[in-house]
Amino acid sequence: MHALVVVSHPDPKSLTHAVARAYAEGVAASGDHSTEIADLAAEGFQPAFGQADASAYLLQAPLPADVLREQQRIDRADALVLVYPVYWWSFPGQLKGWIDRVFSNGWAYDERPDGSLGKRLGHLPIHLIGIGGADGGTYARHGYDKAMRTQIDHGIFDFCGAPVRTSEFLVDVNGQGGAAHLVTARGLGSNAFAKEASQRAAAELAG
């Protein structure tokens, strides 16, 4: 199986990139699986939602070529993994713009003439890793963790029908937790396809 790991951080030497690589290592070590790391900053992805995107949203024009390329990368994947630093208790702007543009009407969901919503990404498991400088107590005390999961896990991915398999915050990165976070990321990667493997084994036994 194949995981697309999308990382959003301008510094390739950052902990965010190290966590993404560690996650990919965990996937590779867990069996006959592969990964692709999509480095939005290095690739120069344009996050601004422009007129071409607005026309495509209204189904009045084709999607821009760069959006189609991203959708094709996701279509080739059996799981989508987002690894990102927490900026102002949310995604970095480039990653949010990637979602704005790539998760388009007609691909991620359908806005139907009768006002109903079609969720089109039920086949795509999601894994989220947010990396934050504040400690866990700060997240819990102010409800930042719950607010982000409401906004991201439910507001974005449930809207499209994509099941969120894991949603983790690796916090207090300004302390001594960096090495431990890499161990955690490898462990998460090694279990990325655990549910799918279990379901496949159950189906084989039932068959």
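Modeller: This is a predicted model, and about 270 Å³ of space lies in its largest pocket. Among the 16 residues that line this pocket, those closest to its centre are Ile99, Asp100, Phe103, Ser104 and Tyr109.

Biologist: Which element gives the largest share of the lining of the largest pocket?

Modeller: Two or more lining residues come from each of helix 3 (51–57), helix 5 (93–102) and helix 7 (144–160). By class, the lining comprises 10 nonpolar, 3 polar and 3 charged residues. The largest share, 4 residues, is given by helix 7.

Biologist: How are helix 4 and helix 5 oriented to each other?

Modeller: In helix 4, Asp66, Val67, Glu70, Gln71 and Ile74 meet Trp98, Arg101 and Val102 of helix 5. This contact has 4 nonpolar, 1 polar and 3 charged residues. The axes of helix 4 (residues 65–75) and helix 5 are 10 Å apart, at an angle of about 90°. Angles of 65 to 115 degrees count as roughly perpendicular, and helix 4 and helix 5 are therefore roughly perpendicular.

Biologist: Which residue meets Arg73 in a salt bridge, and in which helix does that partner lie?

Modeller: Side chains of opposite charge can pair when their charged atoms come close. The structure holds 9 salt bridges, and one of them joins Arg73 and Glu43 at 2.7 Å, N to O. Arg73 belongs to helix 4, so the pair ties together parts 30 residues apart in sequence. The partner is Glu43, in helix 2 (residues 40–43).

Terms used: Residues numbered from 1 in each chain as written. Predicted model: local features only at pLDDT ≥ 70, side-chain atom pairs only at ≥ 80, totals over all residues. Heavy atoms only, no water. 1 Å grid on protein atoms, 1.4 Å probe; cavity = no way out; pocket = protein on both sides within 12 Å on 5 of 7 lines; lining within 4 Å. Points joined across faces, edges and corners; volume = space filled by probe spheres on them. Nonpolar A, V, L, I, M, F, W, Y, C, P; charged D, E, K, R; others polar. Axes fitted to C-alpha atoms, helices over the stretch in contact; angles between N-to-C directions. Parallel < 35°, antiparallel > 145°, perpendicular 65-115°, else oblique. Contact = heavy atoms within 4.5 Å. Salt bridge = Lys/Arg side-chain N within 4 Å of Asp/Glu carboxyl O.
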